Amino acid sequence: MNLKDLKITEIEFANIKQNLKNYLLNQDEFAGYNFEGSALSILIDVLAYNTYYQAFYNNMTVNEMFLDSATKRSSIVSIAKHFAYRPRTILSARCQVEITTTNTALTEVPKGTKVSASSGGVSYDFYLMEAAAFVPSEYTSGSATKLSTGTIEVVEGTLRKYSYTAGSQNSQNKFVIPFEDVDSTTLRVYVQTNSSVQEQVEYTEATNITDLTENSTVYFLEENADGYLQISFGDGVLGKGLMDGNIIRIEILQSSGAAANGIGYSNATTIFGSPLNIANSSTRVVVPSSGGAANENKESIRFNATRNYTTQNRAVTKEDYRSIVLKDFPSIEDVICWGGEENSPPQYGKVFVSLKPRQGSYISQQEKQTIIDTITKTRNVVGVRLDIVNPEILYLNITANVKVDPIGLVGGVGGVTSEIQQTIYDFTDTNLNGFDKDFYATELSTAIQEIDPHIISNEILVSIEKRFVPIFDARAHNYEFKYENALFHPEDGYKSIVSTNIFGYLDANGVDRDCELEDDGEGKIVLFYRSGESKITINSNIGTIDYTTGKIVLKNFKPSSLIDNRPISIFCVPDEVDIIAKQKMYLVHEQPSNISLVVNISQIPYRNR
């Protein structure tokens, strides 16, 4: 047989089998042979099966060699090592607390002290990772009667301890931490010369090999093929090596991850620990627990590994800052960065970062400072200051007016309405809720049109909304809201395109009224309340509106209360149904909500069209 006639590119079982038959039929010994029903057909099945099995195996093996196509976590982790990237482990929630005691003989809260708390009937333990000193906080007749630690940080988890002995049987000096769900940031490693010497030396994780010498007391950390953390030590050139008989002791927290976030509003006050029990003490939560997160998943590793390699653990470009924050702070869902020269107004010598947390709208001041310290102390360019600013959140409220032909419509109007609602929620969930993600009504309209052939047409209308909680004190305050999209204003004197929910406000006579805001069509914001069908104006110029830039300013605004504890929402009609998220803004479409989504169905039978 001519070798050119060989077909070796087939990958399906039936095609492989047929190629084997065709090959044999071209041999003189099998000319005209009927393979069907013969014993030789079974042998061909075996050959085809073996070929197919081997082809599949080779395909899977080759796929696992590349970051883009690997499916096993162990393969992805192994390839990520080529980029000097270690996947993030599970992270423990951290809580800011203050410990006080009336036992004035105490001097400190020892390292390892445990604070117990509960949430939803589940108990969690928080540990003090470093000792905290007590200082007097209250005095009576010149003598201290109460001591306080000030604000300190405790970390959630279950404390685990383990020890190893270095020896010739472990020539590579690699030691597996035999616990799952451990937070690598809480790992403490100590090395003891031998069992007869009690002194321990604490080793730290090596982060920059250019700083290492033969005497550097460091360890190296990685994830092994089974998903466990593994520590190793230097070789006497890069880091101090181990000697036979050295005892390695580790302490690490086994974490509950994100489950322990949000604890702090009703915490237990009992403190207990070793070596010292703290009597007559209490715990006050300063900042509720946050920062807990699951370990890094496969897609995140795939995304971050190459970007981390590009940054080389330094912050120079905007993308460097973004990669570092996303890698080191899993509580952050999205990041946008811009240089001071791009800011309005420009502020040279600065880098601005805006963060979207996974939970809530903004991160705490404590979290901001932690991020700033992490980046500026070792990673960013000298002389460049980092400034973290709160993101601008713009809420979208969508109305879909849909015409359908009810004749033959499976599930009826109710069924297609539900499908349209779900399609809109899926669309906004996929395309919004992040920086640099704009809303295009045409794309949503197309997605709706493809739901069912009985949908004749649809129209998308959008309103944009800003929310705020005013400051309740003795003074009136000014507020500024930037929609960053032009507002609908065909001509001066046009009807109001601004509306709000109801809030409490005192009129000129001190009477508390249920008030609202609207614009007068001339660039002013009007404060009014309703009396029957009439609108009674309290202030005809309590603010201004710029229809071109989409900016509203409230002046000397002093509401008396919120209705049902709801923030004040200011709704505007945009000039275009396409909404652009500029710089530090991201778009949010809440679900499910009868305000954020309205679907109006018009039934137009085909025979009436």
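**Notebook: salt bridges in a predicted model**

I looked up Arg530 and found that it forms a salt bridge with Glu516, with the closest N and O atoms 2.7 Å apart; a salt bridge here is a side-chain nitrogen of Lys or Arg within 4 Å of a carboxyl oxygen of Asp or Glu. Arg530 lies in strand E26 (residues 524–531) and Glu516 in strand E25 (residues 512–519), so the pair ties together parts that are 14 residues apart in sequence; helices (H or I, at least four residues) and strands (E, at least two) are DSSP runs, numbered from the N terminus. Arg530 is partly exposed at 48% relative accessibility, whereas Glu516 is buried at 11%, where buried means under 20% relative accessible area, exposed over 50%, and partly exposed in between (1.4 Å probe, protein chains only).

I noted that this is a predicted model, in which local features need pLDDT of at least 70 and side-chain atom pairs count only at pLDDT 80 or more, while totals for chains, interfaces and linings use all residues. Residues are numbered from 1 along each chain as its sequence is written, and side-chain values use heavy atoms, with hydrogens and water left out.

I then searched the whole structure, which gave 21 salt bridges. One of them joins Glu223 and Arg73, whose closest N and O atoms are 3.0 Å apart. Glu223 lies in strand E12 (residues 218–223) and Arg73 in helix H3 (residues 73–81), so this pair ties together parts that are 150 residues apart in sequence. I recorded Glu223 as buried at 7% relative accessibility and Arg73 as partly exposed at 22%.
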